[in-house]
Amino acid sequence: KKYLYAFEEGSKELKKILGGKGANLAEMKKIGLPVPNGYTITAEACIKYYDDGEKIDEKLIKGIFERLKELEGKTGKIFGDNKNPLLVSVRSGAAISMPGMMDTILNLGLNDNSVIGVSELTNNPRFAYDSYRRFIQMFSDVVLNISKHKFDSILDSVKERENLSSDPELSVDNLKEIIEKYKKLVKKETKIDFPVDPNKQLIMAIESVFESWNNSRAIIYRNINEIPHDMGTAVNIQEMVFGNMGDTSGTGVAFTRNPATGENKFFGEFLLNAQGEDVVAGIRTPKEINELENVLPEVYNDFSTISRKLEKHYRDMQDIEFTIERGKLYFLQTRTAKRTANAAINIAVDMVEEGMITKEEAILRINPDQIEQLLHPTFDDAALKESQIIAKGLPASPGAATGKVYFTSEDVVEAKARGEKAILVRVETSPEDIEGMVSGEGILTARGGMTSHAAVVARGMGKCCVAGCGDVRVETYNSLFKTANAVVNEGEYISIDGNTGNVYKGEIKTKEVAMSGNFGTLMSWADDIRRLNIRTNADNERDSKTAIKFGAEGIGLCRTEHMFFNEERIFAVRQMIVSTTIEQRKIALKKLLPYQKDDFVSIFNVMKELPVTIRLLDPPLHEFLPSEDEDIKNLALELGMEFNNLKSIVNELREFNPMLGHRGVRLAVTYPEIYEMQVKAIMLAAVEVKKKNGYDIKPEIMVPLVGFNKEFTIIKKLIRETADEILKEENMEMTYKIGTMIEVPRAALTADEIAKEAEFFSFGTNDLTQMTLGFSRDDSGKFIPEYKKKEIFESDPFETIDQDGVGQLIKIAFEKGKKVRPDIKIGICGEHGGEPKSIEFCDKVGLKYVSCSPYRVPVARLAAAQATI
Ligand code: ADP
Ligand code: MG
Ligand code: MG
């Protein structure tokens, strides 16, 4: 196996083995861009390293030094030399980008000998010794695990003794003294001498980059982003170029377009006379990339030409890292840039219009899960005007967030667990803060630019972020932060606007957004090519309207039980439940009828002639009754009943396994009058809307939890008779359908029998999953995380359809149903209907529609289009 590639040997197609960074460095080299020379140790070598018990084998070591010789040849420099020393960076880089999660070491190859060479070549001994000092500190931190602070205190003590206030005042002799002290510290901490042999440095650095694949923040990052843990990281050994050689040198990061808005303009930052990560670390505040044109016009010109070329070559927006050494520009990294959902859409549509990509490619470029963030509310303008701005920072990641202030990642995680909305406020974030960033509503930082850690990570997560807010002084030890005009304590509300960078005191109301512009364009392209219809789950007027706005083509699941929970109605519902005779029950049901009818009228009026599938009552009856004695007492009083009497009814209704209990069609078999009332309400509503507004309503009445054809036949007869009677009374013709959910495995297996009577099927994949796996949805939270960790299954089966198990039942039921009734309409409701991978599966099986919550409708439209490409 080939474990080593010179940059000249690779290409972007080899990402899997060279890692993203290595593959793209190779690609840039291939198309003739200015990239410092180097070579890549493959990710496969990293896997082997772990397989061999965390050891680099002799053969690879030999290879690494052969390649190093070649590099010396190409650069004309010599590793560890005191005249013309070669310094390298040792850079991690996995196949899937994990920004900042693993380690990189710069300036490797410095020692007592080569520092002389650097000093003479640059004619700047201070720079040389300062680099050496930094290298020892960085290497010790990353490779030897010695805390940075211990080095800082050495530095501080020398500064204090010499009466110096800043680092640059240190003399060369001071620096040499510090270097000696650093080495002593290393010896004390590790019992070994600081490795001055550059060959040894190199191997140790490579090992530690391999090790960084499994550091805890990298593992957390992979878990959150569902990246496999067994891919390993490649290691790039690359000749150093120096951005810190004076004012014609510098370093920067840039995007070929604006990653927040998508605007087709360079976007990024640079620092003159700086090295490596100074820009990202947020230590000095960088300048905007456009200003480079004024400072170093020729460099800017090169930058602009090459960046455009890169974008054309990759046919996508690039995220670039570059360094300028004494007026010469080098590209050190390029990758497909992360972007907000909004930017993703604007860029995709723009690139189609620029002729760079096709419509299909544009559709594939958008992550369906990501667009949901566009649909979520922004701050209400009126509420915003009333609010006090207490600070302003950079609009680092769009959105609007309101929550209580917390200053550590742990506190945010705990607040979220308590059910609070939290905002993480920090001086700056680091990869250790990742969990707090996930749990919070938004992130506010005092330092750092648009490409700081907080900004980059927040944009990737679609989380609102205001960064570099210089007005904010965080006093973590006092649990508060101050601005020019306010003090905010931990636990108090603030609101942050990721579109403007404004920070407000207090909680601010938010408002809905509309679908228009490029978003609308892209969705219409998606609609043109998708096969699946997209319906919504809605059981009231408001949700129906929202869903229509988002492009729903009908209701796939209207749950009727939610309609019962309103204060006035629950009383009648409870009366109905505690009734001991049919007569009593019918009286209570009569009270409910007008309520139910009105609900359906308002829904039909919104949905007009679009199909509406209404599911008859599903949950077990005890869900509508109180369980605490205190509440039972009150209810008994209200109902005019004896407490003991009511209590025994409540006890009787209590079930060991409510999910498998007396619910769904089973309720109707025992109490047919409940469904009878509901069917009346549906038909009366349909008739009323048809008469009044002329819409040709065709209700679809759906029976839940059917497992036997006989069950369904009995209930179907009841529904038919009830519905026809209403139509006759109202003197009206109307087509309506009676169908069933397929959510009991037995129903799936006997779908051919059931299809003889059922006019449509809808897969209730929540229950079907529970029953097929034998996992109670309400209890599985206890073990599913462990199951995921042990890779018993890849993803939570309640989030993504378990294709091998549940999916088979769906296929069986689909085929059996179609055989008996070729025109049968088959869809899916339940959470999976809005999940892209499950949608792809539904498309493959050939379902007619998926149904999901209103906010997922655009997600589903897009995912359904992607499924066809
Ligand atoms: P990360 O994956 O964390 O971004 P990188 O390997 O890209 O780490 O290194 C971080 C930064 O270090 C780069 O953006 C670049 O500025 C600097 N750097 C890395 N290698 C070199 C090099 N050979 N010459 C100059 N600077 C380098
Ligand atoms: Mg980088
Ligand atoms: Mg169900």
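Author: Axes here are lines fitted to C-alpha atoms, for helices over the stretch in contact, and angles between N-to-C directions run from 0 to 180 degrees. Helices (H or I, at least four residues) and strands (E, at least two) are DSSP runs, numbered from the N terminus. The model is a predicted one, in which local features need pLDDT of at least 70 and side-chain atom pairs count only at pLDDT 80 or more, while totals for chains, interfaces and linings use all residues. Residues are numbered from 1 along each chain as its sequence is written, and chains are lettered from A and ligands numbered from 1 in the order in which they are written.

The chain has 35 helices and 33 strands, and the C-alpha trace spans about 105 × 55 × 50 Å along its principal axes.

The helix to examine is α35, with two partners. Helix α34 (residues 836-845) packs with α35 at an angle of about 50°, and their axes are 9 Å apart. This makes α34 oblique to α35, since angles under 35 degrees count as roughly parallel, over 145 as roughly antiparallel, 65 to 115 as roughly perpendicular and the rest as oblique. The crossing of α34 with α35 is right-handed; a crossing is so called if the near helix is turned clockwise from the far one by less than a right angle, and left-handed if anticlockwise.

Two residues are in contact if their C-beta atoms, placed from the backbone, lie within 7 Å. On the side of α34, Pro836, Ile839, Glu840 and Asp843 take part, and they meet Ala860, Ala863, Ala864, Ala867 and Thr868 of α35. This contact has 6 nonpolar, 1 polar and 2 charged residues, where Ala, Val, Leu, Ile, Met, Phe, Trp, Tyr, Cys and Pro count as nonpolar, Asp, Glu, Lys and Arg as charged, and the others, Gly among them, as polar.

The other partner is helix α20 (residues 517-529), which packs with α35 (residues 857-868) at an angle of about 50°, the axes being 8 Å apart. That makes α20 oblique to α35, and α20 passes α35 in a left-handed crossing. Met523, Ala526, Asp527 and Ile529 of α20 make the contact with Pro858, Arg861, Leu862, Ala865 and Thr868 of α35. By class, the residues of this contact of α20 with α35 are 6 nonpolar, 1 polar and 2 charged.
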